Amino acid sequence: MLSEPPAIYGIIGTPLAHSLSPLMHNAAFKALKVNAVYKTFELVDDEELKLFFEDLREKDNPTFGLNVTVPYKEKVLPYIDVIDPFADKVGAVNTLVIDHQRKIFGFNTDGPGFLSHLEELKFNPKDKRIVILGAGGTTRSILSVLCLINQKPTNIKIFNRTYSKAKALVDSLSSKIDMSNVEVVDNIEDLNVELADLLINTTSVGLKGEEKFLIDTTTLHKDMLVYDVIYNPKETPLLKAAKAKGAQTANGLSMLFYQGVLAFNHWAGTDIEDKYKKVMRQALEGGLK
Ligand code: ATR
């Protein structure tokens, strides 16, 4: 008996060797008994990206859903037929749905994934003072969502090693999102971490477990949430220092989880049941052991 070839899902980006997305999504497919497989598509440059999308348009291409990661979240925009309004405001896409006519739909689930995690942590951004370290792709999504929700923070201060990049990021987002409560600071002390309710690190400092801090750790305090998007190691030196001060801490694994669940919902066209979400979370956690 001939079995149907599986539907293809996957992730495009580079480098992908350490991506946990295949584990998470393949675990869900298996649990749901869906004939589908999630693969990695390592695309080394813009030319490969272009060829990939040409191929994706082919009538017999069995790929129906993709995640997009570094460095292509903005570069895929010209290839998309229909962009979700939130993704359009962010100017970055991390999830694609491709229908049977090979029409490509783009979404951003990074921002909503972050918000879902904040909800799980019982952190309501309303009237809070938020500080962000870094101004790359992750900050783009997080900042956008924090400026679009109804529970408006009092202010959001951003510090980046390269001031001009943070300034350019906020300027570019300003054309579609009200950024009036956002301030880019040139001097890290001006973040006033001692007054912050939430500190978010989106830089790669701490990724190797190195004892290097961008901020003065004596300014961390017990009445704040310290959120490091790094999840491997599970506890960066920044999170350790925050914990030692009695602060609530969180790493970015749940943000990865929630963005994955929201991407899966787009592909399935419905909300995945809790028991399958559990399978996805366990697969992620297992992947880190
Ligand atoms: P992501 O998509 O994960 O946000 P990214 O877009 O490459 O990744 O952004 C990485 C961020 O980490 C940037 O803000 C970068 O600062 P620059 O804009 O100055 O490059 C920041 N970063 C990386 N290494 C850093 C370091 N050693 N010290 C301080 N900031 C660093």
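Is Asp-171 buried, partly exposed or exposed? Asp-171 counts as partly exposed, at 44% relative accessibility. Here, buried means under 20% relative accessible area, exposed means over 50%, and partly exposed lies in between (1.4 Å probe, protein chains only).

1. **Ground rules.** This is a predicted model, in which local features need pLDDT of at least 70, side-chain atom pairs count only at pLDDT 80 or more, and totals for chains, interfaces and linings use all residues. Residues are numbered from 1 along each chain as its sequence is written, and side-chain values use heavy atoms, with hydrogens and water left out.

2. **Salt bridges overall.** Side chains of opposite charge can pair when their charged atoms come close. A salt bridge here is a side-chain nitrogen of Lys or Arg within 4 Å of a carboxyl oxygen of Asp or Glu. Searching the whole structure gives twelve of them.

3. **A pair within one helix.** Asp-171 and Lys-167 form a salt bridge, at 3.5 Å from N to O. They sit four residues apart in helix α6, so about one helical turn separates them. Helices (H or I, at least four residues) and strands (E, at least two) are DSSP runs, numbered from the N terminus. Lys-167 is partly exposed, at 34%.

4. Arg-57 and Asp-81 make a salt bridge, and their closest N and O atoms are 2.8 Å apart. This pair links distant parts of the chain, 24 residues apart. Arg-57 lies in the loop between α2 (46–56) and β3 (63–68), and Asp-81 in the loop between β3 and β4 (82–83). Arg-57 is partly exposed at 34%. Asp-81 is partly exposed at 39%.

5. **A pair joining a loop and a helix.** Lys-176 bonds to Asp-88 in a salt bridge, with 3.2 Å between the closest N and O atoms. The two are 88 residues apart: Lys-176 is in the loop between α6 (163–174) and β9 (182–185), Asp-88 in helix α3 (residues 85–90). Lys-176 has a relative accessible area of 44%, and Asp-88 has 32%.

6. **Two packed helices.** Helix α4 (residues 110–120) packs on helix α5 (residues 137–148) at about 65°, with the axes 8 Å apart. Axes are lines fitted to C-alpha atoms, for helices over the stretch in contact, and angles run from 0 to 180 degrees between N-to-C directions. The two helices are therefore roughly perpendicular (65 to 115 degrees; under 35 is roughly parallel, over 145 roughly antiparallel, the rest oblique).
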